[in-house]
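I opened the notebook to log what I looked up in this model.

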Amino acid sequence: MNLRPPAFALPPADPMARQLALGRAGLATAFLAAPVPALRAMGADTATAARISWLTRMMAVRDGALAVGALVADRRGGDPQPWLVGGAVSDAVDALVFAQALKQGRLKGIAPTMIVPGGILAATLGFVTAARLRRG
């Protein structure tokens with residue numbers, strides 16, 4: 001009987017880079033189209049979400065630009081690596097900011113709590129994929 005778990009392997013770096021960029025583009029579109037519901041889902045109260053919807057749109061444009069940059073670079077045979085690193089840095093900082101807001105009691109609930117490990121995972125995948133592209 002073999003008790004070892006199956007080996008884990010990441011997808012090839014090029015499709016992974018596209019997947020990360022498409023996921024970022026999807027989130028950016030959702031946050032740009034509906035900033036208040038997006039903020040509510042992340043744990044902000046209605047009044048706060050309405051007051052800072054402009055900030056959410058700024059974040060969405062940032063993420064959209066990172067996504068489009070990576071996708072255009074990939075499509076034109078360029079290097080999406082700098083765009084992936086930029087996204088990974090953004091995700092890491094987002095995770096840290098959310099962790100601090102949770103610690104201070106500014107956000108509560110499972111959704112904002114899950115954003116922290118989600119941001120860490122996204123940042124890690126972005127850095128790892130960028131490194132794999134550089135080697136490849």
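**Ground rules**

I am working on a predicted model, where local features need pLDDT of at least 70, side-chain atom pairs count only at pLDDT 80 or more, and totals for chains, interfaces and linings use all residues. I number residues from 1 along each chain as its sequence is written, and side-chain values use heavy atoms, with hydrogens and water left out.

**Whole chain**

I looked up the secondary structure and found six helices and zero strands. The elements read α-α-α-α-α-α from the N terminus on. Helices here are DSSP runs of H or I with at least four residues, strands are runs of E with at least two, and numbering starts at the N terminus.

I then took the overall extent. The C-alpha trace spans about 50 × 50 × 20 Å along its principal axes. The chain has 136 residues, and 31% of them are buried. I use buried for under 20% relative accessible area, exposed for over 50%, and partly exposed for in between (1.4 Å probe, protein chains only).

The chain exposes about 8,500 Å², and carbon and sulfur atoms supply 67% of that area. Accessible areas come from the Shrake-Rupley method with a 1.4 Å probe; for residues, only the protein chains shown count as cover.

I also checked contacts (heavy atoms within 4.5 Å). Of those with a separation of 6 or more, 66% join residues 24 or more positions apart.

**H1 against H4**

At what angle do the axes of H1 and H4 cross? I get roughly 150 degrees for H1 (residues 13-33) and H4 (residues 53-75), with the axes coming within 8 Å. Axes are lines fitted to C-alpha atoms, for helices over the stretch in contact, and angles run from 0 to 180 degrees between N-to-C directions. H1 is therefore roughly antiparallel to H4. My angle classes are roughly parallel under 35 degrees, roughly antiparallel over 145, roughly perpendicular from 65 to 115, and oblique for the rest.

The crossing of H1 past H4 is left-handed. That term applies if the near helix is turned anticlockwise from the far one by less than a right angle; clockwise gives right-handed. Contact residues on H1 include Ala21, Ala25 and Phe31, and those on H4 include Met59, Gly64 and Leu71. I count 13 nonpolar, two polar and five charged residues in this contact. Ala, Val, Leu, Ile, Met, Phe, Trp, Tyr, Cys and Pro count as nonpolar, Asp, Glu, Lys and Arg as charged, and the others, Gly among them, as polar.

**H1 against H5**

I turned to H5 next. The axes of H1 and H5 come within 11 Å and cross at roughly 50 degrees, so H1 is oblique to H5. H1 passes H5 in a left-handed crossing. Ala17, Leu20 and Arg24 of H1 meet Leu84, Gly87, Ala88 and Asp91 of H5.

**Single residues**

Is Ser90 buried or exposed? Ser90 is buried, because its relative accessibility is 12%. Ser90 sits in H5 (residues 81-103). Leaving out residues up to four places away in sequence, Ser90 touches Arg62 and Leu66.

Ala49 lies in H3 (residues 46-51). Ala49 has 0% relative accessibility and so counts as buried. With the same exclusion of residues up to four places away, Ala49 touches Val36, Leu39, Arg40 and Ala44. The C-alpha atoms of Ala49 and Leu39 are 5.5 Å apart, ten residues apart along the chain.

Gly109 belongs to the loop between H5 and H6 (110-135). Gly109 is partly exposed at 40% relative accessible area.
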